[in-house]
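Here is a short briefing on one protein model with its ligands. Read it with the structure open.

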Amino acid sequence: MKCVSQLISVCFVFVLFCTASAHEPRRGWTRPQQWLHQGPLQHKQDQKDNDLEHFIQTQSHVAIAGILANIGPDGKRCHGAAPGIVIASPSNVDPDYVYTWTRDAALTMKLIVDRFIAGSKDLQASIEDYIGAQTKLQVVDNPSGTFSSGGLGEPKFNVDGSVFNGAWGRPQRDGPALRAITLIAYSKWLLEHEGEHEVTARLWPIIAKDLQYVEATWHQDGFDLWEEVKGSSFFTLSVQHRALVEGATLARAIGKPNAAYLDNASGLLCALQAFWNGDFVEANINANSGRSGKDANTILASIHTFDVLTGCDDATFQPCSSKALANLKEVVDSFRTIYPINAHTPTDQAVAIGRYQEDVYMGGHPWYLNTAAVAEQLYDALHQWNRTGSINVTETSLPFFQDFIPKLSTGQYKSTSKTYRTLTRAIRSQADSYLRIIQKYTPTDGSLAEQFSRDDGRPLSATHLTWSYAAFLTAVSARNNHHPAPWGASNVTLPHDCKSSAPCAFVALSFCAHVQTAWGDAVYIVGSSAELGAWDLTRAMPLSAEDHTVVMPLWAGEINLKRPRRIAYKYFLRKYDGTVVWEKHENREIDLAGGCTGAQERAVVVDDVLEWE
Ligand code: NOJ
Ligand code: NOJ
């Protein structure tokens, strides 16, 4: 019985230099596109596979060259950017992207570090330059503050490394976390290669500043990765959590343990649970964005916190977790109907993916990097199923899997089963078809812009977007089972006593009404929420007298609130002859919008003493 006690369970710019290439005509586009004369629909499957393999191979070269062209000082599309500065794109007008964003740069350099570790030793010079550039950028006073008063949250700088003073959505708190993650990856390699001094002398000072920033500010609001919504962003909190977990391990390894990192990581992990709303992951909370909440933000969060040694863990939102898969389907489906180029695509096949359905920025078209991100999540998931030898289909992930086998039911499917083989084959083919979309809408010269037209797939917005190239390459690595080193997610456990100020995803609300009644009386609650009849007496919730005794006259009931919020309610009594008697009290209220105790689910018990009118 829940009614006994209150239980709460639980190019310097060198605009000059950088512009030359920005004005290059889109050569590839003016020529007929590959897919127009190839007519892939008519091709046999193996021909199609060969086409994709061939595209992946040639495009990978273009992509790595495209990234290096955007890194100073020698990048051919941004001569004059300071050493180690990664420009977002050489486009200097509509939009002007000749800046360095901390986020884009860190995500790109993470890929460079991973490729370096995997054997591309020629990339070390760029990494070293990047370290040098970040050492300087961290201490540039800027509109977000100085390095010790919030300046690390500044989203972007001029490509000569000087401050950008224009109006902008600032601060953006994912930047320092992403930079720390990138530098930690390189530090781990150095530690294995007698580079301990390098780490303590050059890298740790940068990393420690970033981690300190994360620790001090993660619970404050800021702008999301798309630079538009002020609130708490799932992507931001996810990468902050990862940075603190990895940072704690590195700190220990170099003899500078810091318990505060893990304490804050636990707080972050609790806070992250609140973004799950029962159907998908809200991209932003504590924000009034007026949007559906379905957003590629969350898919990027999943792939950038993928840990190859962790199973399908829901708490860290691993790519193969039930929640991440359910979310993937919701986000993908939100793009199926809004772009003409996606029309009539069966649900087991890929579509072009944008940022979020309400997007209007530069026309609000699909993005290459988000289309690649969905492929990457699927390849990551396939790798884990293969590694662990089974797929676990839960109530939560069932809709995702039913796109491939409509009659599938929940359960565990071992890798020896036919169902497993059918699912993995279909999912791999869907993942590939995301890359095929990129293939279809990539000009013959392989240049990747930021967006491609929702109407005909023509490249749009910033040209040669560094992040587009990086996203293509990380998706391809995942396809080839070349995964980045693990970051320790397998050691992370969700605290039992999560305390977060974020709203809970779900509240089990028990009502305990203490009141004397006569034989034949029935007690009800009617209230503002659908579960309580939305003030319609005929749909009011009946309470149960099961635990009613003479000493303890108790009427009780319970509802599950999926979207916890403030609700109003009132008790009434229906006598055996049908007459209604209201309680004397005015409408009662309970506010369940904040203060989540318990990671995603919270049990709340209200004790109300009643008197009848
Ligand atoms: C608004 C856009 O939506 C955002 O993503 C972009 O970064 C900024 N404007 C700057 O162009
Ligand atoms: C706009 C995107 O919304 C943002 O995420 C990115 O950092 C900048 N463009 C630069 O690429």
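Predicted model: local features only at pLDDT ≥ 70, side-chain atom pairs only at ≥ 80, totals over all residues.

**Backbone, ligands and helix packing**

Pro73 sits in the loop between α4 and β1 (99–101). The points below cover backbone geometry, ligand surroundings and helix pairs.

- Most peptide bonds are trans, and most residues other than glycine have a negative phi.
- Arg170 and Pro171 are joined by a cis peptide bond, and omega there is about -5 degrees.
- Pro171 belongs to the loop between β2 (156–158) and α7.
- Asn286 is not a glycine, yet its phi is positive, at about 55 degrees.
- The loop between β5 (284–285) and α11 (297–304) holds Asn286.
- Ala534 is not a glycine either, and has a positive phi of about 50 degrees.
- Look for Ala534 in the loop between β12 (522–527) and β13 (541–542).

**Ligand 1**

- Which residues surround ligand 1? They are Trp168, Trp226, Glu227, Glu228, Arg355 and Tyr361.
- Trp226 uses its backbone: an N or O atom there lies 2.7 Å from an oxygen atom of ligand 1.
- Arg355 uses its side chain, where an N or O atom is 2.6 Å from an oxygen atom of ligand 1.
- Tyr361 also places a side-chain N or O atom by ligand 1, at 3.2 Å from an oxygen atom of the ligand.

**Ligand 2**

- How many residues surround ligand 2? There are 13, and the closest are Tyr97, Arg103, Asp104, Leu225 and Arg355.
- A nitrogen atom of ligand 2 lies 2.9 Å from a polar side-chain atom of Tyr97.
- Arg103 has a side-chain N or O atom 3.0 Å from an oxygen atom of ligand 2.
- Asp104 has a polar side-chain atom 2.5 Å from an oxygen atom of ligand 2.

**Helices α4 and α5**

- Helix α4 covers residues 45–69 and helix α5 covers residues 102–117.
- Their axes come within 12 Å and cross at roughly 120 degrees. The angle therefore makes α4 oblique to α5.
- α4 passes α5 in a left-handed crossing.
- On the α4 side, the contact uses Ile64, Ile67 and Leu68. These meet Thr108, Leu111, Ile112 and Arg115 of α5.
- By class, this contact has five nonpolar residues, one polar and one charged.

**Helices α7 and α9**

- Helix α7 (residues 174–192) packs on helix α9 (residues 234–253) at an angle of about 35 degrees. Their axes are 8 Å apart.
- This crossing of α7 and α9 is left-handed.
- Residues of α7 in the contact are Asp174, Ala177, Leu178, Ala180, Ile181, Ile184, Ser187, Lys188 and Leu191.
- On the α9 side they meet Phe235, Thr236, Val239, Gln240, Arg242, Ala243, Glu246, Gly247, Leu250 and Ala253.
- By class, the α7 contact with α9 has eleven nonpolar, four polar and four charged residues.

Note on methods
Residues numbered from 1 in each chain as written. Chains lettered and ligands numbered in written order. Heavy atoms only, no water. Axes fitted to C-alpha atoms, helices over the stretch in contact; angles between N-to-C directions. Helix = DSSP H or I, 4+ residues; strand = E, 2+ residues; numbered from the N terminus. Parallel < 35°, antiparallel > 145°, perpendicular 65-115°, else oblique. Left-handed = near helix turned anticlockwise from the far one by under 90°. Contact = heavy atoms within 4.5 Å. Nonpolar A, V, L, I, M, F, W, Y, C, P; charged D, E, K, R; others polar. Near = heavy atom within 4 Å. Polar contact = N/O pair within 3.5 Å; in protein donor to acceptor, adjacent residues only side chain to side chain.
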